[in-house]
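Hello,

Here is the structure you will be working with. Please open it before reading the notes below.

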Amino acid sequence: MMRRSQIGLLSRLLLLLVVVELTPPAIPVPMRSSTQSLALLRARDQCGRELTAAQRLQLDRMQFEDAAHVRHYLHCFWSRLQLWLDETGFQAQRIVQSFGGERRLNVEQALPAINGCNAKTSSRGSGAQTVVDWCFRAFVCVLATPVGEWYKRHMSDVINGNA
């Protein structure tokens, strides 16, 4: 037969177990980023190494002025992700797949927007435009479409740890 002190001890242990099981952890568990989000952040960090803090902040705020550091950053970023090829421009189908496909993007809108911007901004054969310039102009063109609005929201979520 159990003594009164043993019953009291068992009661306290059971109460402690219930409290521990029902109490949320004191340290919040960080949300796991997707593989795609981690690749975006890695490319952003690698291509932004030479930027000043002010330049980095401007890009993080999705402000893309026509400046050499912005053009080089964007070319590096999209090339590192293998979503830009100097010969053909943005890889529209790969971009759509990389950013979640039909689940996240309107494919019927995205593909023509990206391919159209590649074509509109390309000046093949003229020699006056570098691939870095072309990448910048094509990117700015895409930003002016609904795909660009989606991209800005998505990248802000990635940068803030929400994607």
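The side chain of Arg44 makes a polar contact with the side chain of Asp60, at 2.8 Å. Keep in mind that this is a predicted model. Arg44 sits in helix α2. Is Arg44 buried or exposed? Its relative accessible area is 10%, and because buried means under 20%, Arg44 counts as buried. Leaving aside residues up to four places away in sequence, Arg44 touches Arg56, Asp60, Tyr73, Phe77 and Ile159.

Tyr73 and Phe77 also belong to the place where two helices meet. Two packed helices are described by the angle between their axes and the distance between the axes. For helix α2 (residues 35-47) and helix α4 (residues 68-80), the angle is about 145 degrees and the axes are 9 Å apart. The crossing of α2 past α4 is right-handed.

Which residues meet there? From α2 they are Leu40, Ala43, Arg44, Gln46 and Cys47, and from α4 they are Tyr73, Cys76, Phe77 and Arg80. Sorted by class, this contact has six nonpolar residues, one polar residue and two charged residues.

One more residue to look up is Thr145, in the loop between α7 (131-143) and α8 (146-159). Thr145 has a relative accessible area of 16%, so by the cut-off of under 20% Thr145 is buried as well. What does the side chain of Thr145 reach? It comes to 2.6 Å from the backbone oxygen of Val142.

Regards

Definitions and conventions. Residues numbered from 1 in each chain as written. Predicted model: local features only at pLDDT ≥ 70, side-chain atom pairs only at ≥ 80, totals over all residues. Heavy atoms only, no water. Axes fitted to C-alpha atoms, helices over the stretch in contact; angles between N-to-C directions. Helix = DSSP H or I, 4+ residues; strand = E, 2+ residues; numbered from the N terminus. Left-handed = near helix turned anticlockwise from the far one by under 90°. Contact = heavy atoms within 4.5 Å. Nonpolar A, V, L, I, M, F, W, Y, C, P; charged D, E, K, R; others polar. Buried < 20%, exposed > 50% of the residue type's maximum accessible area, 1.4 Å probe, protein only. Polar contact = N/O pair within 3.5 Å; in protein donor to acceptor, adjacent residues only side chain to side chain.
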